[in-house]
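Q: Please take a close look at one residue in this structure and at its surroundings. Please then relate that part to the remainder of the chain.

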Amino acid sequence: MVDSRQSGGQNDADYNTNTKLYNPYKDLQLPMQQLYKLPTSPEFLFQEESVALRRSWGENLTYYTGSGYLSGAIFGAGKGFIEGVKASEQGDTLKLKINRILNASGHSGRKIGNRIGVIGLMYAGIESGIVELRDTDDVINSVLAGLGTGALFKAAKGVRSAAVGGAIGGLVVGAAVAGKQVVKRYIPI
């Protein structure tokens, strides 16, 4: 593309030789890369937070509850979608089929999401309590928290259900912790 100033087609309204473009960074005497240099390490408000090697109880509570609800809602919506497709009848219109699928997905998604969110809430609270009591952070805390969460979640159905729920909770958390260690060791990330 040819510059209009060189081609002789100057228009006084389009180009004025007395104007200059404004550069807001001209007087800073800094390269642009250093102008917006941001820290790469985490910043902490209090010094005690920088020595902790784990999330705080509030962060754990938010993380486990939120991720539990989200994963449960997604799983429940998928389950509800399948139920909605199976519940549709031969003479249903498209609008009625879509309505059945959306209702079933929403119902199952809320139900399962809330259950797993509550399990995450209990797990985070119990794990944080155990860490405070034992004053150490290791695998035993996670397994004990899983055992307590399973027992507490099923406690309303009786002692036997609480014992089975506790055993299942402890086994699931133990398997998750062992799986995490295997992934860390054998899969380079």
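A: Asn60 counts as buried because its relative accessibility is 3%; buried means under 20% relative accessible area, exposed means over 50%, and partly exposed lies in between, with a 1.4 Å probe and protein chains only. The structure is a predicted model, in which local features need pLDDT of at least 70 and side-chain atom pairs count only at pLDDT 80 or more, whereas totals for chains, interfaces and linings use all residues. Residues are numbered from 1 along each chain as its sequence is written, and side-chain values use heavy atoms, with hydrogens and water left out.

Asn60 belongs to helix α3, which covers residues 57–87; helices are DSSP runs of H or I with at least four residues, strands are runs of E with at least two, and both are numbered from the N terminus. Once neighbours within four places in sequence are set aside, Asn60 contacts Arg54, Arg55, Thr65, Ala124, Glu127 and Ser128, a contact being heavy atoms within 4.5 Å.

Helix α3 also holds a charged pair. Lys79 and Glu83 form a salt bridge whose closest N and O atoms are 3.5 Å apart; the term requires a side-chain nitrogen of Lys or Arg within 4 Å of a carboxyl oxygen of Asp or Glu. The two residues are separated by about one helical turn, because they stand 4 residues apart in α3. Lys79 is partly exposed, since its relative accessible area is 40%, and Glu83 is likewise partly exposed, at 36% relative accessibility.

Glu83 leads on to helix α4. Ser108, in α4 (residues 94–134), touches Glu83 as well as Gly76, Gly80 and Gly113, with residues up to four places away in sequence not counted. Ser108 counts as buried because its relative accessibility is 6%.

The count of salt bridges comes to 3. In another of them, Arg100 pairs with Asp92, with the closest N and O atoms 3.1 Å apart. Asp92 is buried, given a relative accessible area of 13%, whereas Arg100 is partly exposed, at 28%. Arg134 and Asp138 form a further salt bridge, in which the closest N and O atoms are 2.8 Å apart. Arg134 counts as partly exposed at 35% relative accessibility, and Asp138 counts as partly exposed at 28%. Asp135 is found in the loop between α4 and α5. Its phi is near 55°, a positive value in a residue other than glycine. Asp135 counts as exposed because its relative accessibility is 71%.

The passage of α5 across α6 is a right-handed crossing; a crossing is left-handed if the near helix is turned anticlockwise from the far one by less than a right angle, and right-handed if clockwise. On the α5 side, the contact is made by Val139, Ser142, Val143, Gly146, Leu147, Gly150 and Ala151. On the α6 side, the residues include Ala162, Gly165, Gly166, Gly169, Gly170 and Val173.

Phe153, also in α5, contacts Arg115, Ile119 and Met122 when its neighbours within four places in sequence are left aside. Phe153 and Val118 are 35 residues apart in sequence and 8.6 Å apart in space, from C-alpha to C-alpha. Phe153 counts as partly exposed, because its relative accessibility is 31%.

Val183 is placed in helix α6 (residues 159–186) and is partly exposed, at 37% relative accessibility. Together with Val182, Tyr186, Ile187 and Ile189, Val183 forms a nonpolar surface patch with about 570 Å² of accessible area. Patches are made of residues with over 30% relative accessible area and no salt bridge, like charges being joined within 9 Å and nonpolar side chains (Val, Leu, Ile, Met, Phe, Trp, Tyr) within 5 Å.

The whole protein has 6 helices and 0 strands. Buried residues account for 20% of its 189 residues. Of the contacts between residues at least 6 apart in sequence, 54% join residues at least 24 apart. The protein exposes about 15,000 Å², of which carbon and sulfur atoms supply 61%; accessible areas come from the Shrake-Rupley method with a 1.4 Å probe, and for residues only the protein chains shown count as cover.
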